[in-house]
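Please look over the sequence and the structure below before reading on. The text then goes through the fold and some of its charged pairs.

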Amino acid sequence: MMLMNTLRFLTKTATNGLSRSSFHTTTVCAAAGNGFTQVTQCDGVREICLNEPKTRNSLSMDMMNAILEDLTAEWQNKDLRAIVLTAKGPVWSAGHNLKELLPEKGGVEYQTQIFNKLSEIIMNIYKAPVPVIAKVNGLAAAAGCQLVASCDLIVASENSKFSTPGANFGVFCSTPGIAISRVMPRTQAAYMVMTGLPLTAQEAYTAGLVSRVVPEKDLDKEVDHITDAIKHKSRSVIALGKDFFYKQLNVPIEEAYKLGAEKMTENLALGDSQEGLKSFVEKRKPQWKHE
């Protein structure tokens with residue numbers, strides 16, 4: 001099990017097309033390895049770094065298997081408070097590995113498996129009991145943009161760009177369009193998928209695709225600021241609230257308010273909710289038990 005203030009990192013390597021995990025424990029926050037992903041965990045924050053800059057961090061099947069395993073590991077551990085997705089190199093992710101989509105690589109069945117694997121990652125981002133944050137410093141394109149847009153929060157450096165250029169290569173970005181159209185106005189999402197032209201970080205922020213834009217030198221500091229704010233809250237309250245936040249988006253507003261009232265009542269029954277109210281009245285900091 002992972003312990004508070006103790007780093008556990010795992011490096012993915014490929015063996016016969018499959019990933020393999022090696023766990024190490026140390027009291028110093030550090031990371032090592034040259035596999036598909038590089039993972040560090042320190043003080044409640046797990047950072048998953050896409051670690052194949054030579055392929056522009058393409059979302060090959062092996063890469064996606066590694067991301068999914070890293071993302072879903074030990075959700076039950078109360079010490080885990082946030083997950084950060086980042087990448088090594090100037091391209092955050094160029095999207096799916098187009099070589100894997102060639103007909104001779106496996107046909108329709110394998111192509112479908114590739115698209116479904118990214119969908120599985122995205123649905124697990126929504127299901128994760130802690131916020132999942134994309135830290136972007138570079139280009140996020142096609143399925144890479146889809147993955148970024150599916151995170152709970154997106155923090156980008158000023159030099160980052162976002163694009164869905166699949167039609168340039170004869171493959172319309174239909175699945176990336178699902179993700180961006182749910183966080184951006186229709187006309188902005190249509191501009192991206194129909195022209196393939198990139199948005200700057202500031203344009204993405206204005207359009208609602210990005211949560212925060214900061215100078216590159218301040219990117220880590222901004223992500224730390226956000227994760228610190230999350231860590232000062234009850235994990236159980238955040239988990240309950242995040243789950244309902246996404247569910248209410250898919251129901252009519254009248255039903256959403258009805259369900260919201262029920263969820264607020266459920267929230268008030270939590271031990272941490274009662275502690276929070278009591279600490280407010282007593283003018284002291286709450287002592288969360290994360291339950």
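Predicted model: local features only at pLDDT ≥ 70, side-chain atom pairs only at ≥ 80, totals over all residues.

An open sheet of 6 strands runs in the order β5-β6-β7-β9-β11-β14, with mixed pairing. β5 (37-42) and β14 (212-214) are the edge strands; each has a single partner strand, so one side of each lacks a neighbour in the sheet. From one strand to the next, the twist averages 20°. Within the sheet, β7 (residues 82-87) pairs with β9 (residues 132-136) in the parallel sense over 3 bridges. I83 has V132 in β9 as its bridge partner. Helix α1 (residues 61-72) packs on this sheet and touches β5, β6 (45-50), β7 and β9. The direction of α1 makes about 180° with that of β6.

Now the salt bridges, of which the whole structure has 12. One of them joins the side chains of K231 and D43 at 3.0 Å, N to O. This pair links distant parts of the chain, since K231 lies in helix α7 (residues 219-231) and D43 in the loop between β5 and β6, 188 residues apart. K231 is partly exposed, at 22% relative accessibility, and D43 is partly exposed at 34%.

Helix α7 also supplies D220, whose side chain meets that of K135 in strand β9. The N to O distance is 2.9 Å, and the two residues are 85 apart in the chain. K135 counts as buried because its relative accessibility is 9%, under the 20% cut-off, whereas D220, at 44%, is partly exposed. E47 joins K135 and D220 in a network of salt bridges.

Note on methods. Residues numbered from 1 in each chain as written. Heavy atoms only, no water. Pairing = 2+ DSSP bridges. Helix = DSSP H or I, 4+ residues; strand = E, 2+ residues; numbered from the N terminus. Axes fitted to C-alpha atoms, helices over the stretch in contact; angles between N-to-C directions. Contact = heavy atoms within 4.5 Å. Salt bridge = Lys/Arg side-chain N within 4 Å of Asp/Glu carboxyl O. Buried < 20%, exposed > 50% of the residue type's maximum accessible area, 1.4 Å probe, protein only.
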